[in-house]
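Here are my comments on the model you sent for review.

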Amino acid sequence: TGATIRVRLAGDGQVEVDGETRTLRQVVSGAAEGTTILLEDGTYTLPEASGGSYTGLYFTTPNVTLRSASGDASAVVIDSAYRSHGGSTAPITVDAPGVVLASFTVRRSIFHLIHLWKDADGVVIHDVDLIDGGQQFLKSSPGDGLNVDDVEVSCSRFRMTDAGRDNVWGYGSPDGNTTCYTGGIDTHDARDWHVHDSVFEGIYCDADGTPRPAHGQAADQRGGMTYTGGLAEHAIHMWDSEEGSGHRIERNHIVDCARGIGLGLRAEVYGTTIRNNMVFSRFPRSGEHDVGIIVERAHESAVVNNTVFFASPDAYPNAIEYRWGSTSGLRVLNNLTNGRIRARNDATATLGGNVEAAEASWFVDGAEGDLHLARCDIAEVDGAGESVAGLDDDFDGEAREGAIDVGADQCTSAR
């Protein structure tokens, strides 16, 4: 425990603390270890940088908490307003352990919304609304062979709006291969993250949208080149985890995102569990919409009791994919999908209890993404799952008692 600082608005880019006016960045940078900063309701618009300054919030002191005073995430908004805060910087950057960000909204960034650097171990992001990131909404990239460990993301909401899609960065060479450079959570050199009970919605680029600068808001870069469309990063993408560590990704709801959950790609991933998630899309297969869950180069990992449902008859054909011959010790069990569960590039896994022929009528609202079971007497699902050690609850955190249902939802007789 430490001091508590109460902050209220005092005009564009300014706040008031104990009768004195300053920037919110100054409040954050000057907070002592253990301080809790409480934001009164309002929209805190971060100022534009000038003269080489940095105007985003930069946490370098351990164990500082930033949260709304009211506990209402929608009532306190940190608005980047698509302004430059100095260099390639996010409105919120954390480079200290034990920082807690809770119960507020951060929105409209040219870059990431929250960026974690090398010393951001043990950060907690809880009940935060992240809206319209120009790049990945939450990014970790410590560099120099270091890691960002033990981060918890819980009960938060990651959402892209139509207006946000018109402000997404492109990424790639200027020869026409520029693509959509956004996504939900994107981690490099991370260990033992826990991402749970969060919602990811609409994170994709629109092929028919407004042409936008190929380098974010900097239209003068790359000769004024513009682009549309492209395949966004996943709602949740953990690029790697070292042997002896592992991530837990559970009880998340992913709706209409370009891709759902991804593990690995170029690096090996160890000890990670993906369970009790619901992944839904209404879109047909295209250059903007792809797989529900993909695991690449995974070791001693598990994809268990997830529900993946694509409403379009022309959707991407694979609900879950696992790739590459180096994959080992992977279990893919009790997943409920209406697409294939497919091995690619010589990958192997232990399969069991999966159902790949789910129907929309099995769900409360299969057309809109409520993938709770509509009834408990579906023979293919009811008690048809295999026993999985440690699988004690379902998507809603309700106990899985008795025989295990297939998919993320354990149906109860009260339904």
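The numbered points below take the basis of the model, then its contacts, then its spaces.

1. This is a predicted model, in which local features need pLDDT of at least 70 and side-chain atom pairs count only at pLDDT 80 or more, while totals for chains, interfaces and linings use all residues. Residues are numbered from 1 along each chain as its sequence is written, and side-chain values use heavy atoms, with hydrogens and water left out.

2. A search of the whole structure finds 23 salt bridges, a salt bridge being a side-chain nitrogen of Lys or Arg within 4 Å of a carboxyl oxygen of Asp or Glu. One of them joins R8 to E16, with the closest N and O atoms 2.9 Å apart. R8 is partly exposed at 43% relative accessible area, and E16 is likewise partly exposed at 21%; here buried means under 20% relative accessible area, exposed over 50%, and partly exposed in between (1.4 Å probe, protein chains only).

3. R83 and D12 form a salt bridge in which the closest N and O atoms are 3.4 Å apart. R83 lies in the loop between β8 (76-79) and β9 (92-94), and D12 in the loop between β1 (4-9) and β2 (15-17), so the pair ties together parts that are 71 residues apart in sequence. Strands (E, at least two residues) are DSSP runs, numbered from the N terminus. R83 is partly exposed, at 21% relative accessible area, whereas D12 is exposed, at 56%.

4. The side chains of D149 and R191 meet in a salt bridge at 2.6 Å, N to O. This pair links distant parts of the chain, with D149 in strand β16 (residues 148-149) and R191 in strand β22 (residues 190-191), 42 residues apart. D149 counts as buried at 11% relative accessibility, while R191 counts as partly exposed at 24%.

5. Salt bridges also link D197, R248, E250, R251, R275 and D393 into a network, which deserves a look in the viewer.

6. The whole structure holds 6 aromatic pairs, counted where rings of Phe, Tyr and Trp (its six-membered ring) have centres within 6.5 Å. Ring pairs join F137, F158 and F200 in a cluster.

7. The charged end of R165 sits over the ring of Y204, 3.9 Å from its centre, and R297 lies over the face of W324 at 4.6 Å from the ring centre.

8. Which residues lie nearest the centre of the largest pocket? They are Y171, Y181, E233, W239 and R266, among the 16 residues that line this pocket, and the space in the pocket is about 290 Å³. A pocket is an open set of points on a 1 Å grid over the protein atoms alone, with protein on both sides within 12 Å along at least five of seven lines, and lining residues have an atom within 4 Å of a point; a volume is the space filled by probe spheres set on the points, which are joined across faces, edges and corners. β15 (136-140) and β20 (179-180) each supply at least two residues of the lining.

Methods: On a 1 Å grid over the protein atoms alone, a cavity is a set of points where a 1.4 Å probe fits but cannot get out, and a pocket is an open set with protein on both sides within 12 Å along at least five of seven lines; lining residues have an atom within 4 Å of a point. Helices (H or I, at least four residues) and strands (E, at least two) are DSSP runs, numbered from the N terminus. Rings of Phe, Tyr and Trp (its six-membered ring) pair if their centres lie within 6.5 Å; planes under 30 degrees apart count as stacked, over 60 as edge-to-face and the rest as tilted. A charge sits over a ring if NZ of Lys or CZ of Arg is within 6 Å of the ring centre and within 35 degrees of the ring normal.
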